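A short walk through them follows.

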Amino acid sequence: MKVLVITTGGTIGSAFNGAAIDVCDDGRCAAAERYAAEHQGIQFDIRSPLNILSEQLTADDLNRLAKAVWEAEITRYDGVIVTVGSDNLAYLSALIGLLFGDCGVPICSVASDKVLSDEKANGYANFCCAVGLIRRGKAGAFVPYRGTDGVMTVHAATDLRQADLSDDFVSFHGAYGVWKDGVLIEKRPYIRQTIPAVFDKAHLPQLEDNVLLIHPYPMQAYARLNTDGVRAVLHTLYHSGTLDARGAAQWAESLGEVPLYLASLRSGRKVYATTAEAIRRGAIPLYDIAPECAYMKLLLGCAQARLGLRDFMEGIG
């Protein structure tokens with residue numbers, strides 16, 4: 001079995017450097033080295049287009065990662081593992097799932113809650129689960145992650161939410177499945193968010209820092225936001241799907257032709273009057289998509305020119 005491993009740094013590629021944690025200079029993949037030493041019949045092809053802590057990601061880094069995956073001709077492998085930092089796991093896995101989730105082979109994004117030298121780290125277990133999913137041969141984009149409850153959960157890559165302060169991840173629609181004793185137990189059908197077929201992955205357009213992502217909070221100061229160079233705004237919502245509609249709508253008027261999208265909404269649910277008012281005044285609702293995935297999809301939509309942004313964002317789910 002031949003597996004492509006693409007490393008980007010992150011905690012899974014880090015070590016203690018004095019009193020701080022930082023990426024290893026050589027960009028090596030200790031998890032792959034350990035797995036190869038403990039198991040026969042597997043070959044890892046390791047590539048390292050990035051070697052940074054994920055909180056430092058830029059648009060150029062995202063472009064380099066996407067290019068590296070595309071140029072690797074991943075269909076020549078039984079599967080792909082991309083090691084990433086946990087801070088941006090939800091965003092990077094969404095990008096990978098949107099671009100390559102239809103590649104026909106399993107592609108897994110793997111992170112670690114602690115450096116691998118820490119015996120409590122879950123990174124190696126997550127890596128082993130990724131290899132197990134590849135051995136199973138189910139095509140799609142996944143994120144295996146062992147939570148603080150000890151359960152190895154398998155998420156659909158484009159459905160993952162950011163971790164909370166306990167280091168646990170959840171999926172927007174609920175976990176795809178769990179991995180137990182080498183068996184994938186499916187909890188619900190696999191869901192993958194998509195991008196229009198018109199998007200040309202053979203000539204990947206360059207992502208830019210041109211989408212403004214904002215989150216709700218009391219007394220939100222919309223007037224203080226700088227929208228220079230912004231092509232789209234993504235506004236997440238409170239847990240009940242609400243926002244300060246009056247303030248958002250008044251601010252949106254200053255955006256001119258820049259669209260304001262609302263994420264965190266679920267279809268089939270009643271909306272509050274505030275949300276309904278924002279939609280009535282021009283905000284565009286995005287239903288049934290994780291905000292992290294919506295953000296990456298907007299970046300991709302702004303980068304291409306073949307389809308209008310609003311058309312690009314349709315057909316979610």
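Which residue in β13 does histidine 235 stand opposite? Histidine 235 stands opposite leucine 262. This is a predicted model, in which local features need pLDDT of at least 70, side-chain atom pairs count only at pLDDT 80 or more, and totals for chains, interfaces and linings use all residues. Numbering runs from 1 along each chain as its sequence is written, and side-chain values use heavy atoms, with hydrogens and water left out.

Start with strand β13, residues 260-265. Strands (E, at least two residues) and helices (H or I, at least four) are DSSP runs, numbered from the N terminus. Six of the six residues of β13 are buried, so the strand is largely enclosed by the rest of the structure. Buried means under 20% relative accessible area (1.4 Å probe, protein chains only).

Strand β12 (residues 232-235) pairs with β13 in the parallel sense, over three bridges. Pairing requires at least two DSSP bridges between two strands. From β12, the chain passes through helix α5 (residues 245-252) to β13 in a right-handed β-α-β crossover. Right-handed means that, with the strands pointing away from the viewer, the path from the first strand over the helix to the second runs clockwise.

Now turn to β14, residues 284-287. β13 and β14 also pair in the parallel sense, over three bridges. Here leucine 262 stands opposite proline 285.

Notes. Buried < 20%, exposed > 50% of the residue type's maximum accessible area, 1.4 Å probe, protein only.
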